[in-house]
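Here are some exercises on reading a protein structure, each with a worked solution. Keep the structure in view and try each task before reading on.

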Amino acid sequence: HIGAVEPVLDGVRPVCDMLLTGLGVKSSEYMQFLLEAMASEEVIKRHYERVLLFVRESIEQRGVDVVLLQEIGEDVQNHLADMCRDLGWAVHFSTKNNDPKRCDA
C-alpha cells in the first residue's frame, strides 16, 4: 500500500522477472529499478483505480451480480468499501490473517 515501509512484492517480483526475460535482460540492477517503480505511489494508485474500475464496469456494464477478488490489500479494500457504500452496493472482505508467514488468500 502507499507509504508501506516494506511493500509486499510476492506477486510483483515474478511479473518483473518475466518482463526482463521477455526483454532479454538479466540484471539485478534492472530488477531493483522495476521493483522500486512497481512500489511507487503512482503505480499503486493506478492499480487500485484499475481494480475499482473493473468492479464497477463488471456490475454496471457486464451485468454481473458478484465480483470475487483475491489478495487485495487493506488500502484497496478501503477504496472498494467507499465506492460500494457510495453506490449502495454490499461488500464483504475475509478476515485478515495476522501471521506474517502465511498468505491471507
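**Exercise 1.** Is Val66 buried or exposed?

*Solution.* Start with the accessibility: Val66 has a relative accessible area of 63%. Next, apply the cut-offs: buried means under 20% relative accessible area, exposed over 50%, and partly exposed in between, with a 1.4 Å probe and protein chains only. Val66 is therefore exposed. To place this residue, look in the loop between α3 and α4. The C-alpha atoms of Val66 and Val55 are separated by 9.1 Å, and the two residues are 11 apart along the chain.

Before going on, note that this is a predicted model, in which local features need pLDDT of at least 70 and side-chain atom pairs count only at pLDDT 80 or more, while totals for chains, interfaces and linings use all residues. Residues are numbered from 1 along each chain as its sequence is written, and side-chain values use heavy atoms, with hydrogens and water left out.

**Exercise 2.** Describe the overall make-up of the protein.

*Solution.* Count the elements first: there are four helices and zero strands. Here helices (H or I, at least four residues) and strands (E, at least two) are DSSP runs, numbered from the N terminus. Along the sequence this reads α-α-α-α. Then turn to burial: 16% of the 105 residues count as buried. Finally, take the contacts (heavy atoms within 4.5 Å). Among those between residues at least 6 apart in sequence, 43% join residues at least 24 apart.

**Exercise 3.** Which residues make up the largest nonpolar core?

*Solution.* Recall the term: a nonpolar core is a set of buried Ala, Val, Leu, Ile, Met, Phe, Trp, Tyr and Cys residues joined through side-chain atoms within 4.5 Å. The largest one has seven residues: Tyr48, Val51, Leu52, Val55, Val76, Leu80 and Met83. Now assign them to elements: α3 (41–60) and α4 (74–87) each give two or more residues to this core. The most come from α3, with four residues. Apart from this core lies another, of six residues, including Val12, Cys16, Leu20 and Met31.

**Exercise 4.** Work out how α3 and α4 meet.

*Solution.* Two packed helices are described by the angle between their axes and the distance between the axes. For this pair, the axes come within 10 Å and cross at roughly 35 degrees. The axes are lines fitted to C-alpha atoms, for helices over the stretch in contact, and angles run from 0 to 180 degrees between N-to-C directions. The contact draws on residues of α3, among them Ile44, His47 and Arg56, and on residues of α4, among them Asp75, His79 and Leu87. By class, this contact has nine nonpolar, two polar and three charged residues. In this sorting, Ala, Val, Leu, Ile, Met, Phe, Trp, Tyr, Cys and Pro count as nonpolar, Asp, Glu, Lys and Arg as charged, and the others, Gly among them, as polar.

**Exercise 5.** Why do the buried residues of α2 line one face of the helix?

*Solution.* List them first: in α2 (residues 28–38), Met31, Leu34 and Leu35 are buried. Seen down the axis of α2, these buried residues fall within an arc of 100 degrees, so they line one face. The arc is that of the directions from the helix axis to the C-beta atoms. Now look at the face turned away from the buried side, which carries the exposed residues Glu29, Phe33 and Glu36. The cover over the buried residues of α2 includes α1 (12–23).
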